Amino acid sequence: MTSIERIGNILRRKPVDRIGVFEHFWGDTHKKWSSEGHLPEGVPLEDHFGFDLQLCWPFNLVGKLDFQPETIEETEETILQRDGNGAVLRRHKLHDSTPEHVDFLVKDRAGWEEHVKPFLTPDRRRINFEAYREAKKLAAEKQRFFCWSGVGVFECMHPVCGHQEMLMAMLTDPGWVKDMVNTYAQLTADLMEILFAEEGWPDGIWFYEDMGLKGRPFISLDMYREFIQPGHRTPIAICAANGLPVIMHSCGYVEPLVPGMMESGVDCLQVIEVKAGMDLLRLHADYGDRLSFIGGMDVRVLYTNDRAAIERELAGKIPEVKRHYGYVLHSDHSIPDQVEYESYRYFVERGLELGTY
Amino acid sequence: MADLLEQIAVCIERGKVNANSSYPPDMKGQEGADELVKKALADGIAPDDVLSKGLVVGMGRVGQKFSENKVFVPDLLMAAKAMSAGMAHLKPYFESGQAHHKGVFVIGTVQGDLHDIGKNLVAMVVEGGGWKVIDLGVDVSPEKFLSAVQENPGAAVGLSALLTTTMVNMEKTVKLVKETVPGTKVIVGGAPLTAEFANKIGADGYSPDPQGAIAFLSA
């Protein structure tokens, strides 16, 4: 089977030759493995490890497109900048990480309506047509399953006003949150229509949403249904109408939200963060006949670099989760540089061996 | 007196900040933590009672519900906002020594890590539990934690980390603080952590949620 056929079937839980394989890495990991001579120069990780998926993130949903990020403070390790949403964020320069939310121009509905909402129009400049075209072409050449990827509405809102204001507003000004959700959902849908009409449809859709903390989601299932679900349904409806399966990423413990996500039309859940309390085997037992999974392999086991422990992790999960054909091998977040190249190589090879039908 | 303190507790539990706040809808138009704490102090209720029998009781209730997944982050944030409105009136009493914190809790996200949501939630709940919280922010060096402990003798320390890559800095901080100021209690928390890891690096406690931090500090 080609990767396109394999992942297409996995997302629909139809028979395949083996489970899929895909991964996310910290930037430092690639650098370390390259410096150790494990990765041939110029060979992407997708090719090196034979990944089945390829993603492209072509949309820019920042408020003011023409705003040049303004650097407020810079140290050897961090940079503090105001962005086109009016948010002041501190980012780490040495590794990929969620930025620190320092301040926001938007603190309420009036701020949103003045500083961000009027600028969120389906401007063609929000779409990187060329990147999408090139990634789509490359994926086709390699026969990899090609996904449009981007952020969902939850991840659109908090960079504008911060998690705390966004979450409190769900109680104090629900109409504002619903307006933000609707605005971002419609913008995403409009941009998708433009891009896909001109450049062709991808094989699937991958939304990033981080809706969980350790041991609990930020919001209840009822709040998900009231606030977030309408924003998921709008773009997913376009995908569903065109037969595209939808993958939803979420860090943190989001198990209570899974029924709501499935109602929204999500076909596959990624990344199933074990350290936050997510349990791949339990999820598979509860939803495996209706939902596919990517991830759920405890990365803490990988960075022990202990093959016996990695074997236990793989052998304890893959034989079960390969049932229903809906599984793609992936860590439960991303691979840090504590994981030795040989450990990861073993993880992929042994995982696919166990995952062959 | 008991009625007024219970009303304050209910305001914290329900996230009723002041008379102008429209949340929660069923308490619209009623006085909130802001007005009721002011009234309690004006009525001569001891500041320590306002704190321990009103504010802390309310925060304890919402913290417990949060631990049990009966309420979620938005509810906890609103409770903390109401708590903050009430605590503002107690500030002069803390400064004059007429009101007393249960202790001092120094908290921060360890060096290399910029995540703050979990740390902020713990800080809010611990403050609502009656402790003076010194929030050092994110990306905090071991030396900065140590300075805060030295400036606040007897303070307990809370270390947060979300990244597996920054957990190593947690160990460095625990080691420096405990070697320099023996007897300092240190609790750790964050997505990648476990009680086993906490034990391994020499921390005194681990909690997956804010209420666990309260239990640790109260022990």
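This is a predicted model: local features need pLDDT of at least 70, side-chain atom pairs count only at pLDDT 80 or more; totals for chains, interfaces and linings use all residues.
## Fold of chain B

Chain B holds nine helices and five strands. Along the sequence the order is α-α-α-α-β-α-β-α-β-α-β-α-β-α.

The C-alpha trace of chain B spans about 50 × 35 × 25 Å along its principal axes.

## Helices 2 and 3 of chain B

Helix 2 of chain B covers residues 33-42, and helix 3 of chain B covers residues 47-67. Their axes come within 9 Å and cross at roughly 140°. The two helices are therefore oblique to each other. Helix 2 of chain B passes helix 3 of chain B in a right-handed crossing.

Which residues meet here? Helix 2 of chain B brings B:Val37, B:Ala40 and B:Leu41. Helix 3 of chain B brings B:Pro47, B:Val50 and B:Gly54. By class, this contact has five nonpolar residues, one polar residue and no charged ones.

## Domains of chain A

Chain A is divided into two domains. Domain 1 takes in 3-61 + 121-354, and domain 2 takes in 63-119. The centres of the two domains, taken over C-alpha atoms, are separated by 25 Å.

Domain 1 of chain A puts 18 residues into the contact, and domain 2 of chain A puts in 14 residues. Four helices of chain A each supply at least two residues to the domain 1 side: helix 2 (27-35), helix 6 (153-161), helix 7 (163-172) and helix 8 (174-199). That side has six nonpolar, six polar and six charged residues.

## Contact between chains A and B

How many residues of each chain take part? Chain B has 24 residues in contact with 30 residues of chain A.

On the chain B side, the elements that give two or more residues are helix 4 (73-96) and helix 5 (117-128). Helix 4 of chain B gives the most, with five residues. By class, the chain B side divides into 13 nonpolar, seven polar and four charged residues.

Notes. Residues are numbered from 1 along each chain as its sequence is written. Chains are lettered from A and ligands numbered from 1 in the order in which they are written. Axes are lines fitted to C-alpha atoms, for helices over the stretch in contact, and angles run from 0 to 180 degrees between N-to-C directions. Angles under 35 degrees count as roughly parallel, over 145 as roughly antiparallel, 65 to 115 as roughly perpendicular and the rest as oblique. A crossing is left-handed if the near helix is turned anticlockwise from the far one by less than a right angle, and right-handed if clockwise. Two residues are in contact if their C-beta atoms, placed from the backbone, lie within 7 Å. Ala, Val, Leu, Ile, Met, Phe, Trp, Tyr, Cys and Pro count as nonpolar, Asp, Glu, Lys and Arg as charged, and the others, Gly among them, as polar. Domain bounds come from an automatic or database domain assignment.
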